[in-house]
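This briefing describes a single protein chain for computational work. Please consult the sequence and the coordinates alongside the points that follow.

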Amino acid sequence: MCLGQRRFVFVVLVAASLSVASTSCDVLNLISFANSPPGTTTTLILIRHAERDPGADPPLNAEGQARAQVLKEVLSEHGVTAIFSPELIRNMQTVEPIAAHLGIEIKHWNNASYGSTGAFAAAVADDILANYAGQTVLFVGNVGSTMLGTTGINDELYKRFGGTGKAPNRYQDMYIFIIPDNGPTRIVKTIYGPKSSLDPA
């Protein structure tokens, strides 16, 4: 079994039950740049916002709305206690179904108030570990702009917790960070829902 802890087997099982075209996962043991407070293990689930049409701050399109519903089904019974989102329509709409289902108020982050994406990621990571220690936190992020040469929050959070290689930047990516109070963070790389029409072939 590719998932390292029983509590995360749900990701693969639910994905299979939803007729995902393909499922893959890797468990990586990596050097951790940040640890959970003593006596706690914190879980961070990191995804990209669902599909949207072009524009400065567009809403989800029909494909994205369907993926947001899949996200709700995948995570609805598996311990999510906090949900973080930048103040962007596509991000907030991605997590609104799961937030409403669980009765969780989405914590909105104004990323424009930070000098860089790296500073934004550092503030988010510090908040999670300081105020949500021992909990399971869902964060819906972004990939930045290849046109402008900017790095997205997903890349920065991924690096912040010791990740190397590709961050969760496809629409179907779901990375689970198991952050202990000591030692390396374990990163479970998996997917949810069908392959996106907007991702490269």
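In which loop is L60 found? L60 belongs to the loop between β2 and α2. The model is predicted, and it comprises five helices and seven strands. The points below proceed from the overall fold to helix packing and then to individual residues.

**Overall fold**

- Read from the N terminus, the order of elements is α-β-β-α-β-α-β-α-β-α-β-β.
- The protein has 201 residues, of which 50% count as buried.
- Among contacts with a separation of 6 or more, 69% join residues 24 or more positions apart.

**Packing of α2 against α3**

- Helix α2 spans residues 62-75 and helix α3 spans residues 89-102; the two pack at an angle of about 40°, and their axes are 8 Å apart.
- The crossing in which α2 passes α3 is right-handed.
- On the α2 side the contact is made by A68, Q69, L71, K72 and L75, and on the α3 side by Q93, T94, V95, P97, I98 and H101.
- By residue class, this contact of α2 with α3 consists of six nonpolar, four polar and one charged.

**Packing of α4 against α5**

- Helix α4, residues 117-131, packs with α5 at an angle of about 55°, with the axes 9 Å apart.
- The two helices, α4 and α5, are therefore oblique to each other.
- Their crossing, that of α4 and α5, is right-handed.
- From α4, the residues T117, G118, F120, A121, A122, V124, A125 and D126 meet I153, E156, L157 and R160 of α5.
- The contact of α4 with α5 divides into seven nonpolar, two polar and three charged residues.

- L60 counts as buried, because its relative accessibility is 7% and the cut-off for buried is under 20%.
- Although L60 and Q93 are 33 residues apart in sequence, their C-alpha atoms are 6.8 Å apart in space.
- Not counting residues up to four places away in sequence, L60 touches A50, E51, R52, Q65, A68, R90, Q93 and T94.
- R90 lies in helix α3 and is buried, with a relative accessible area of 12%.
- Leaving aside neighbours within four places in sequence, the contacts of R90 are H49, R52, A56, D57, P58, L60 and N142.

**N142 in the loop between β5 and α5**

- N142 is found in the loop that links β5 (136-141) and α5 (153-160).
- With a relative accessible area of 11%, N142 is buried.
- A polar contact of 2.9 Å joins the side chain of N142 to the side chain of N91.
- Beyond residues up to four places away in sequence, N142 touches H49, P86, L88, R90, N91, G152, I153, N154 and N169.

**The pair I47 and Y192**

- I47 lies in strand β2, residues 42-48, whereas Y192 lies in the segment after β7 (186-191).
- The relative accessibility of I47 is 0%, so I47 counts as buried.
- Y192 likewise counts as buried, at 0% relative accessibility.
- Along the chain I47 and Y192 are 145 residues apart, while their C-alpha atoms are 9.7 Å apart in space.
- With neighbours within four places in sequence left aside, I47 is in contact with L71, T94, L138, F139, V140, G141, N154, D173, M174 and Y192.

Terms used:
Residues are numbered from 1 along each chain as its sequence is written. This is a predicted model: local features need pLDDT of at least 70, side-chain atom pairs count only at pLDDT 80 or more; totals for chains, interfaces and linings use all residues. Side-chain values use heavy atoms; hydrogens and water are left out. Axes are lines fitted to C-alpha atoms, for helices over the stretch in contact, and angles run from 0 to 180 degrees between N-to-C directions. Helices (H or I, at least four residues) and strands (E, at least two) are DSSP runs, numbered from the N terminus. A crossing is left-handed if the near helix is turned anticlockwise from the far one by less than a right angle, and right-handed if clockwise. Contact means heavy atoms within 4.5 Å. Ala, Val, Leu, Ile, Met, Phe, Trp, Tyr, Cys and Pro count as nonpolar, Asp, Glu, Lys and Arg as charged, and the others, Gly among them, as polar. Buried means under 20% relative accessible area, exposed over 50%, partly exposed in between (1.4 Å probe, protein chains only). A polar contact is a pair of N or O atoms within 3.5 Å; within protein, one must be able to donate a hydrogen and the other to accept it, and residues adjacent in sequence count only if both atoms are side-chain atoms. Angles under 35 degrees count as roughly parallel, over 145 as roughly antiparallel, 65 to 115 as roughly perpendicular and the rest as oblique.
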